[in-house]
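Hi everyone, thanks for coming.

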Amino acid sequence: MAPLKQATPKLRERAQGAAVPLDDADKQLLNLLQSRFPLEERPFARVAEEARLSEDEVMERTRRLLDNRIIREITPIFDTTALGYRSMLVAAKVDGESPHRAAQIINEHPGVSHNYLRNHDFNLWFTIAVAPDSGLGLDGTLAVLARLSGAESMRQLPTLTMFKINMNLEMEGGTDALARAAEAIQPLPREPVPLGEFDVALIRALQGPMAVRSDAYAPAAATLGVGVERMLEHCRGMIERRLLRRVAAILFHRRAGFSANGMGVWKVPEERIMELGPKMAAVRGVSHCYQRPIYEDWPYSVFTMAHGRSKEECDAVLDGVATVAGLGDPERATLYSSTEFKKIRLHYFTPDYAEWEERYG
C-alpha cells in the first residue's frame with residue numbers, strides 16, 4: 001500500500017454550504033429548539049410562550065429554517081447504548097489520496113452516523129453502531145469494513161466513561177460564553193435498559209424527522225393506535241429510564257454559522273480522569289466529552305469536541321478546557337475536520353442492519 005498522506009484541513013463542511021444570516025428571533029428560537037422540543041400535545045405553542053412569539057410565527061420560522069437547511073430535522077434523540085446497540089468511535093488510516101473511496105464504503109453501513117476526514121495520520125474518523133442481534137458484532141463488522149475499504153489499520157475507541165453529550169450550538173452568546181466553565185458534570189451511566197414491545201413500537205413510530213404542525217406528535221400516536229397524551233406519558237417515562245435523552249432540533253453547523261469543529265484530545269493520567277473529566281465537560285462550548293482507551297500510537301485518554309464560528313473560536317473553547325484542567329501544550333492535540341462524509345441520526349430496530357450483514361458478512 002502506498003504511504004499515507006495527511007489531508008490538508010480546510011476547516012469547512014462542504015455538504016452544508018455558507019452560513020445564512022439570522023435575526024435575533026431566529027437565534028433565540030434555535031437555542032430553544034435545540035435545548036428541548038416539549039413533550040406536550042401542542043409543542044410549538046409551548047416554544048412560542050418561551051420565545052414570546054405566536055405559535056403561527058414559531059412554526060413559520062421553523063419551516064423557513066428547515067427549508068434553508070439551517071435545521072436538519074426535529075427528532076427524538078435516543079440513547080444508543082441504553083437501547084442495547086453496541087457503538088464506538090473508530091479512527092482509521094486510509095489512503096490519503098482517495099479517502100472518499102474508503103468513506104463511501106464505510107458509509108454504506110446503516111449504523112455509521114458520523115464520518116469525517118481529519119488532519120492526522122489516522123485520517124478517517126467515524127462512529128458506528130451494531131444492532132443487539134448482530135451476528136458479526138462490532139469486531140466482526142469492523143473487520144469487514146477494514147477489508148472492504150482497504151484501511152491500513154483501525155483503532156477502536158469505545159466510550160469508557162461518558163462525561164457529556166449535548167450537541168447544542170450557542171446561537172446567542174459569543175466566544176466568551178462558549179469558553180466559560182460551568183458547574184462540573186457527573187459521569188453518565190452506560191448500560192442497556194430492558195425494553196418492552198411498546199418501547200420498540202414507539203421508537204419505530206417516532207424516530208426520524210417530525211412534521212411542523214401544531215399537533216406534531218399526532219402522526220406517531222396514530223401509528224401506535226393510542227392517544228397523544230398516552231404516548232407522551234410513555235416518552236416521559238423513557239426519559240426517566242434514560243432511553244430517550246430528549247426531542248430536539250439538529251442543526252446544519254456551517255449553515256448556522258459554525259464553520260469549524262475541533263476534536264481536542266488530552267493526555268490525562270488515568271488516576272486523574274475522574275477528577276478532571278467532569279470539569280472539562282462543563283465548558284459551555286464542549287458538546288461531547290468522553291474517556292477512551294489509549295494505545296502505544298495514541299496516548300490521548302480524554303476527548304472533548306468543540307464547535308465554533310471559526311477555528312479561533314474552537315481554539316478558545318479548548319483553551320478554556322486546558323485552563324480548567326490545568327493541562328499544557330504537551331498534553332493536548334487538536335484534530336480539525338476537513339470534510340464531512342456523513343452525518344445522520346441513527347434509526348433503530350430497522351431491517352437494514354441485518355441486510356447489510358447478509359450482503360457483506
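This is a predicted model: local features need pLDDT of at least 70, side-chain atom pairs count only at pLDDT 80 or more; totals for chains, interfaces and linings use all residues.

Let's begin with the interior. In soluble globular proteins, nonpolar side chains tend to be buried together. Here, the largest nonpolar core has 50 residues, and Phe37, Tyr217 and Met231 have the most contacts inside it. Several elements give two or more residues to this core, including helix H1 (24–35), helix H2 (43–51), strand E1 (71–78) and strand E7 (244–251). Which element gives the most? That is H9, with 5 residues.

Now look at phenylalanine 37. Leaving aside its neighbours within four places in sequence, phenylalanine 37 is in contact with Pro43, Phe44 and Val47, and also with Ile74, Met210, Ala216, Tyr217, Val247 and Ala248. Apart from the core we have been looking at, there is another one, of 20 residues, and among them are Val94, Ile106, Leu124 and Leu138.

Next, alanine 48, which sits in helix H2. Is alanine 48 buried or exposed? Its relative accessibility is 4%, so alanine 48 counts as buried. If we don't count residues up to four places away in sequence, alanine 48 touches Leu53, Ser54, Glu55 and Val58. From alanine 48 to methionine 59 is 11 residues in sequence, and 8.8 Å in space, C-alpha to C-alpha.

Last one, friends: glutamate 313, in helix H11 (residues 311–325). Glutamate 313 counts as buried because its relative accessibility is 5%, and buried here means under 20%. What lies 2.7 Å from a polar atom of the glutamate 313 side chain? The backbone nitrogen of arginine 309 does.

Terms used: Residues are numbered from 1 along each chain as its sequence is written. Side-chain values use heavy atoms; hydrogens and water are left out. Helices (H or I, at least four residues) and strands (E, at least two) are DSSP runs, numbered from the N terminus. Buried means under 20% relative accessible area, exposed over 50%, partly exposed in between (1.4 Å probe, protein chains only). A polar contact is a pair of N or O atoms within 3.5 Å; within protein, one must be able to donate a hydrogen and the other to accept it, and residues adjacent in sequence count only if both atoms are side-chain atoms. A nonpolar core is a set of buried Ala, Val, Leu, Ile, Met, Phe, Trp, Tyr and Cys residues joined through side-chain atoms within 4.5 Å. Contact means heavy atoms within 4.5 Å.
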